[in-house]
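This briefing covers selected local features of one protein model, grouped by topic. The sequence and structure come first, followed by the notes.

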Amino acid sequence: MIEVVASMARGPVFLAGELLECLITFTNPMSHLSTSASSEMLAWASAQIHCQFHASENRVALPSQGNKQDVQADSDTVLIPSRGERGQCVLDTPPKILFCDLRLDPGESKTYSYSEVVPVDGPPSFRGQAVKYVYKLTIGCQRVNSPIKLLRVPFRVLVLQGMPEPPFPQDEEVSPSNPFLEEEEASRHDARALERALDMLMVTTSRRCPHMFNITNTRGKVAKFCIFKTVYRLGEDIVGTFNFSEGDIPCLQYSVSLQSEEEIQQQYQRRPGQAISLTGHGRHLESCLHTASSHFSLPVPLNVTPGFSTDIVTLRWRLHFEFVTAREPMEPPTVLQNQSEVTIWAGAEHVDVDTFSWNLPIRVLPTNPALASYVSQFTGTNSINI
């Protein structure tokens with residue numbers, strides 16, 4: 001028996017275009033003191049990244065794929081990383097051979113390093129109501145005259161869509177090259193590319209420009225709403241304020257919900273005019289009768305998917321507001337200045353109300369992948385015995 005352990009040391013979350021590194025260790029766990037201990041052999045092992053796509057048949061109408069056969073059924077020496085997986089493989093990287101003809105003595109282990117740039121032209125990791133995009137690193141191993149064994153390590157990919165390309169730094173253009181530091185320079189270049197993307201992400205989401213909105217219904221003005229920005233990173237707090245003192249209509253209650261909209265492109269909808277799938281990610285509810293001002297704070301979870309768009313699905317974000325207003329003026333309680341006794345005020349038992357809602361589109365962008373790794377459902381480590 002050979003134990004195979006794959007571990008992503010930096011964490012299971014990566015930004016598209018970032019270098020993924022994984023250490024893969026092959027161990028013969030038998031002790032050399034055992035009388036039945038013997039050397040173990042592996043013919044070869046390779047690793048490959050792939051993205052698996054799955055769609056709900058009730059909501060998505062995909063074109064026919066024809067009669068595609070799994071060549072694994074005819075040959076036991078062909079590596080198919082998506083073998084046995086549901087859905088379609090929409091993206092994969094070229095496989096990389098880790099070794100050929102590996103011999104491990106009892107108690108011996110060998111570690112191989114796999115590295116690959118996460119493709120920038122793929123979708124982000126997403127688990128929606130209609131479609132799913134799942135990324136996995138698949139390690140294939142085979143003994144001589146035995147079927148292939150697959151070890152899969154799922155991970156999460158964040159894609160930075162809708163951002164301008166980072167400018168080419170001038171110092172790289174004129175800096176002298178050192179042929180003896182080729183690998184070091186390559187790693188520095190990858191690190192600088194990631195740093196530039198994160199810097200641009202930070203600049204974009206740090207710009208504050210207060211947006212003011214007058215909240216009105218058919219009877220008049222309810223309140224003035226202020227939000228300081230409309231672009232957020234994963235993990236940030238969305239903060240907004242209400243000023244009810246400028247309103248003519250008394251507001252009894254309001255709620256704010258953070259929602260994502262999952263819309264299937266028209267040509268792939270199962271039914272014409274198919275409804276958009278809504279998912280809530282947090283809600284703030286407050287009673288505000290006779291309140292001059294109020295505010296709310298909603299965190300953007302670290303484990304959600306930022307907005308993106310593919311040929312099949314589009315994910316957008318919004319704030320959904322709901323207001324409950326009174327049809328008649330509500331007199332506030334009066335308190336005399338020289339009154340020494342405690343006054344108890346009871347609200348009206350029956351109030352005629354109106355309700356209305358409003359949606360404010362916002363943008364949700366990725367964050368530093370190292371930060372998102374803390375709440376990831378994946379561990380970045382997996383193992384298998386061959």
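Leu194 touches Leu15 and Glu18, leaving aside residues up to four places away in sequence. The model is predicted.

**Leu194**
- Helix α2, residues 182-206, holds Leu194.
- Leu194 and Asn368 are 174 residues apart along the chain, and their C-alpha atoms are separated by 9.5 Å.

**Nonpolar core**
- The largest nonpolar core has 81 residues, and Phe26, Val131, Leu137 and Leu319 touch the most other members.
- Strand β4 (residues 40-55) gives the largest share of this core, with seven residues.
- The core lies between domain 1 (3-68 + 75-163 + 184-201 + 369-385) and domain 2 (211-331 + 351-365), because both give residues to it.
- In soluble globular proteins, nonpolar side chains tend to be buried together.

**Ser56**
- Ser56 is in the loop between β4 and β5 (88-92).
- The relative accessible area of Ser56 is 18%, and the cut-off for buried is under 20%, so Ser56 counts as buried.
- Ser56 touches Gln129 and Ala130, again not counting residues up to four places away in sequence.

**Surface patch**
- A nonpolar patch on the surface is formed by Leu371, Tyr374 and Val375, which together have about 340 Å² of accessible area.
- Tyr374 lies in the loop between α3 (369-372) and β21 (381-385).
- Tyr374 has a relative accessibility of 70%; the cut-off for exposed is over 50%, so Tyr374 counts as exposed.

Methods:
Residues numbered from 1 in each chain as written. Predicted model: local features only at pLDDT ≥ 70, side-chain atom pairs only at ≥ 80, totals over all residues. Heavy atoms only, no water. Core = buried A, V, L, I, M, F, W, Y, C linked by side-chain atoms within 4.5 Å. Buried < 20%, exposed > 50% of the residue type's maximum accessible area, 1.4 Å probe, protein only. Helix = DSSP H or I, 4+ residues; strand = E, 2+ residues; numbered from the N terminus. Domains from an automatic or database assignment. Patch = residues over 30% accessible without salt bridge, like charges linked within 9 Å, V, L, I, M, F, W, Y side chains within 5 Å. Areas by Shrake-Rupley, 256 points an atom, 1.4 Å probe, with all protein chains shown as cover. Salt bridge = Lys/Arg side-chain N within 4 Å of Asp/Glu carboxyl O. Contact = heavy atoms within 4.5 Å.
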